[in-house]
Amino acid sequence: MSWHVHLPALMIAVPLLGAFVAPVASMLGKAARNFWLVGVSALTAILSVLLWQQVLASGTAIYVMGGEAFNLSLPSGMSLPIRIILEVDAFSAFMALVGSIAALAGAIFSTNYMEKFSGLDKFTALYFLLTTGMLGMVLTGDLFNFFVFLEIASVASFGLVAFWRDRPEAIEASFKYMVVSTIGAMMVLIAIAFLYGRYNAVNMAAVANVLRLGYAEKVALVFLIVALAMKCGTVPMHMWTPDAYTEAPAGVTCLLIAVSQASLYGLFRVCFSIYGASLGSAVVPWTIIVMGVLSMFIGVSMAVVQKEIKRLMAYHSVSQIGYMLLGLGVGLLALSDPQAMADYGFTAMKGGIYHLINYTVCKGLLFLTAGALYYAAGSRNLNDLGGLARNMPYTTFMFVIAAAAIAGLPPFNGFVSKLLIYESTFAVYPILSIMALVTSVLTLASFVKVFQTAFLGPAKARLSHVKEVPAGMLLGMSVLTIVIIGLTLFPTWSLSNLVEPAAKALVDQAGYISAVVGGGL
Amino acid sequence: MTGNLPYLVVGIIFLLGLYAVLFEKNLIKIAIGITLIEASANLLLIVLGYRAGGSIPVFTLAGKVEKMVLPVPQALTLTAIVIGLATSALMLSLIMMLYKHYGTLDVREIRRLRG
């Protein structure tokens, strides 16, 4: 038995160990702490690549925590699926890969960005706890375990959003986020209780295996969709997003993006793998599509008018979540109809999933460049900035790459994913793809505004002392830049190796179930 | 009817908590609302795990029994209580710091972030 079978558990164990050893490592000095922060994040990223390769090569990986089989058989012959399992299919592995890349970039960036502040041992510990929560959410195959990791990620992110606790705004943002997120998590718990009450199981595959849509299941579905949409910042539950993203330190915002994607993952895991074809009517897919379109449009129109750079980007990330909801919602709409699935549904899902990785890396990079601007120029207000392209050439270069990619300019990767979404949603209702196009134009407008005011224009005398940011921050940003350029240069490779297996795994509900309960309960 | 009474109580506690979070103006009352919602979720789990005449799932202590309850809901509830404790503690400390910064607990006056 090779050690590869333990990869799913190691993905969670390594950052968790990182979190609890972080205070000890900090006692050895600044260099040891930074080494630990970057080293453990890099190790997690390497493990996620290995896990992804393994899942692509040998199919869904099941890992039972502290046992051999996922169920417990009693001498009387009764069998209960009570063990905690991790179930990693291609979609989970893809999410873990994306998340750990964002975590690595944020960690490298934070070594320099945070060096002026005290309390960094706690920062490091919370950063790893947030990573653990995010990875646990995407790797688990157990509903209650999902709730536990959701809460680990939430509690860690409350602490990190309020990290600059001498700023009243940071505490206020953290409190707002906490109220929304705790209510969301409790709704998830109540939904899990409903499902448990019906089926005596919290194992996702075991529940999906026997699920018949009844009254209790509908209530549970409403609770889950509302709570997880709240957690990933969809309109009309988006009000915490701009505050939390703005007030968190930039490296953390990069990771918070990945954490909001983990909630999105939960939403789609519930819709596709647990409820799947038994959803029956088109109400749920259309709810998701409408939420997506509203998020796209409201998010971007709020973004265009913002003056503060991180707030602009945060509103803009609300609108990008909308693209993924739109793509995957159209996929869900076509789920029960093989012809529609082949015609446009699968394309929409590929677009949605491809946009997910594009969004995470581009938006992560944009927040890091905003952090770099704040670090170098001391302001996040667009009215105070100007002409910084001369002082900060590398940051400018990376900002341009990220902004062009997320706005969907050809030949960047964002263009590919948006094109897939446009052409597939056009087949459902042309108005959907028109909305998506308008949003894309407004996105470009908002980034032209940032680029023009912050980087171009005459040099301001007050900003003449501004220098390029230190090497650690540039390195953190370049990790994400390299990923963007890689995805841009090899769109066919990334579509067929990264995106398609993930989309197939999400559609294949029977495969998800039989990977666990294939041999019967 | 009496069999469904616990679920009715769960519903009432949940709605009370939601009302407090949505309509109260005092931060402490909002925090109380959130703990009420937590309590209703925990109560729901416990009620689901109850079986009339069932015995504790500890083999050495239960003696000779006909029915033994599945311990999963109890385990879930214990975990949920611990998580609830952590969030409540953090929430109260955040409220404390908000009071230090703003000098008030009224949500209508703590509004530096908007738009």
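**Notes on a predicted two-chain model**

1. A:Pro236 sits in the loop that runs between helix H8 (215-231) and helix H9 (240-247) of chain A. The peptide bond joining A:Val235 and A:Pro236 is cis, with omega at about 10 degrees. Please keep in mind while reading on that this is a predicted model.

2. There is another cis bond to look at in chain A. The peptide bond from A:Pro410 to A:Pro411 is cis, and its omega is near 5 degrees. A:Pro411 belongs to the loop between helix H14 (393-407) and H15 of chain A.

3. One more backbone detail is worth a look. A:Asn200 is not a glycine, yet its phi is positive, at about 55 degrees. This residue lies in the loop between H6 and helix H7 (204-210) of chain A.

4. Now the overall build of chain A. Chain A contains 19 helices and four strands. Along the principal axes, its C-alpha atoms fill a box of roughly 80 × 60 × 40 Å. For 521 residues a compact globule would have a radius of gyration near 24 Å, and the 22 Å of chain A agrees with that.

5. Chain B reads quite simply. It has four helices and zero strands, and along the sequence the pattern is α-α-α-α. The radius of gyration of chain B is 19 Å, well over the 13 Å that the globule rule gives for 115 residues, so chain B is more spread out than a compact globule. The C-alpha trace of chain B spans about 65 × 35 × 20 Å along its principal axes.

6. What does the record say about chain B? In an unreviewed UniProt entry, the annotation "transmembrane region" covers residues 6-23, 30-52 and 72-99 of chain B. In the model, residues 6-23 of chain B are 100% helix and 0% strand, and the end C-alpha atoms are 26 Å apart. Residues 72-99 of chain B are likewise 100% helix and 0% strand, with 40 Å between the end C-alpha atoms.

7. How many residues does each chain bring to the contact between them? The contact takes 27 residues from chain A and 27 residues from chain B. On the side of chain A that touches chain B, the elements giving two or more residues are helix H5 (143-161) and helix H6 (168-199) of chain A. H6(A) gives the most to this side, with 17 residues. By class, the residues on this side of chain A are 18 nonpolar, four polar and five charged.

8. From H5(A), the contact uses A:Phe144, A:Val148, A:Glu151, A:Val155 and A:Phe158, while H4(B) supplies B:Leu76, B:Thr79, B:Ile83, B:Ala86, B:Thr87 and B:Leu90. Sorted by class, these are eight nonpolar, two polar and one charged residues.

9. H5(A) also packs within its own chain. H5(A) and helix H10 (residues 250-275) of chain A meet at an angle of about 155 degrees, with their axes 11 Å apart. That angle makes H5(A) roughly antiparallel to H10(A), and the crossing is left-handed. H5(A) contributes A:Phe146, A:Ala153, A:Ser157 and A:Leu160, and H10(A) contributes A:Val252, A:Leu256, A:Val259, A:Ala262 and A:Gly266. This contact has seven nonpolar residues, two polar and no charged.

10. How do H12(A) and H15(A) lie relative to each other, parallel or oblique? The axes of helix H12 (residues 309-333) and helix H15 (residues 413-428) of chain A come within 10 Å and cross at roughly 45 degrees. That makes H12(A) oblique to H15(A), and H12(A) passes H15(A) in a left-handed crossing. The residues in contact are A:Tyr323, A:Leu326, A:Gly327, A:Val330 and A:Leu333 of H12(A), together with A:Lys418, A:Ile421, A:Ser424, A:Thr425 and A:Val428 of H15(A). Their classes are six nonpolar, three polar and one charged.

Terms used:
Residues are numbered from 1 along each chain as its sequence is written. Chains are lettered from A and ligands numbered from 1 in the order in which they are written. This is a predicted model: local features need pLDDT of at least 70, side-chain atom pairs count only at pLDDT 80 or more; totals for chains, interfaces and linings use all residues. UniProt positions are given in the numbering used here, feature names are shortened, and annotations may be inferred rather than shown by experiment. Two residues are in contact if their C-beta atoms, placed from the backbone, lie within 7 Å. Ala, Val, Leu, Ile, Met, Phe, Trp, Tyr, Cys and Pro count as nonpolar, Asp, Glu, Lys and Arg as charged, and the others, Gly among them, as polar. Axes are lines fitted to C-alpha atoms, for helices over the stretch in contact, and angles run from 0 to 180 degrees between N-to-C directions. Angles under 35 degrees count as roughly parallel, over 145 as roughly antiparallel, 65 to 115 as roughly perpendicular and the rest as oblique. A crossing is left-handed if the near helix is turned anticlockwise from the far one by less than a right angle, and right-handed if clockwise. The radius of gyration is taken over C-alpha atoms; the globule rule is 2.2 Å times the number of residues to the power 0.38.
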